[in-house]
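Open the structure in your viewer and keep the selection tool at hand. The stops below say what to select next and what is there.

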Amino acid sequence: MSLPEDGAPVQFETHIKPLFRDKDRQSMRMHFDLGSYEDVSDAADRILERLRGGSMPCDGAWPPQQVEAFERWVDGGKLP
Ligand code: HEM
């Protein structure tokens, strides 16, 4: 897993997709595919809300740096 450097553009393939485990992808497949750029882009607001609130992943909140990376990806225009 490689978190984006300070100020660097955040990209889905490089920085965001690797944050999701196989378990996350399997658990959420009825809702969306966490491995898909299109699905994660479409659900980004709902995903960010859960990540911030700490209710997802179901087995433990992400560390703040990961939530920040996701937030920066959204704010940066959801680069592929
Ligand atoms: C980083 C990983 C994950 C993200 C971003 C995520 C995101 C979300 C979101 C946004 C919802 C609301 C439904 C929707 O908006 O379509 C949701 C629901 C749900 N997730 Fe996840 N999830 C993750 C991992 C997991 C894991 C590991 C589990 C447990 C095995 C899980 C179980 C559920 C269940 C049971 C619901 C439906 C009940 C509810 O809304 O609380 N998720 N998740």
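A residue is called buried when its relative accessible area is under 20%, exposed when over 50%, and partly exposed in between, using a 1.4 Å probe and protein chains only. This is a predicted model, in which local features need pLDDT of at least 70 and side-chain atom pairs count only at pLDDT 80 or more, while totals for chains, interfaces and linings use all residues. Residues are numbered from 1 along each chain as its sequence is written, and side-chain values use heavy atoms, with hydrogens and water left out.

**Stop 1: helix H1**

Select isoleucine 16, which is found in helix H1. Helices (H or I, at least four residues) and strands (E, at least two) are DSSP runs, numbered from the N terminus. Is isoleucine 16 buried or exposed? Isoleucine 16 counts as buried because its relative accessibility is 0%. Contact means heavy atoms within 4.5 Å. Apart from neighbours within four places in sequence, isoleucine 16 is in contact with Val10, Gln11, Ala69, Phe70 and Trp73.

With a relative accessible area of 10%, histidine 15 is buried. Neighbours within four places in sequence left aside, histidine 15 is in contact with Ser2, Leu3, Pro4, Pro9 and Val10.

**Stop 2: the iron atom**

Select the iron atom of the ligand. Which residues are its protein donors? They are Met28 (SD) and Met56 (SD), lying 2.2 to 2.3 Å from the iron atom. Donors are N, O and S atoms within 2.8 Å of the metal (3.2 Å for Na, K and Ca); water is not among the atoms, so sites may look incomplete. Methionine 28 is in helix H2 and methionine 56 in the loop between H4 and helix H5 (64-75), so that the pair, 28 residues apart, links distant parts of the chain. Methionine 28 is buried, at 17% relative accessible area, whereas methionine 56 is partly exposed, at 27%.

The site has 6 donor atoms, with angles of 83 to 179 degrees among them, and is octahedral. Six donors count as octahedral if opposite donors are over 155 degrees apart and all others between 65 and 115.

**Stop 3: the largest pocket**

A pocket is an open set of points on a 1 Å grid over the protein atoms alone, where a 1.4 Å probe fits, with protein on both sides within 12 Å along at least five of seven lines; lining residues have an atom within 4 Å of a point. The largest pocket is lined by 19 residues, and Met28, Phe32, Ile47, Arg50 and Met56 lie nearest its centre. Helix H2 (22-28) and helix H4 (44-53) are the elements that give two or more residues to this lining. H4 gives the most, with 5 residues.

**Stop 4: around proline 57**

Select proline 57, in the loop between H4 and H5. The peptide bond from methionine 56 to proline 57 is cis, with omega near -5 degrees. Next, select aspartate 24 in helix H2. Aspartate 24 is buried, with a relative accessible area of 7%. Leaving aside neighbours within four places in sequence, aspartate 24 is in contact with Leu19, Leu34 and Pro57.

**Stop 5: after H5**

Finish at lysine 78, in the segment after H5. Lysine 78 has a positive phi of about 55 degrees, although it is not a glycine. At 24% relative accessibility, lysine 78 is partly exposed.

Definitions and conventions. Tetrahedral: all angles 85-135°; square planar, octahedral: opposite > 155°, others 65-115°.
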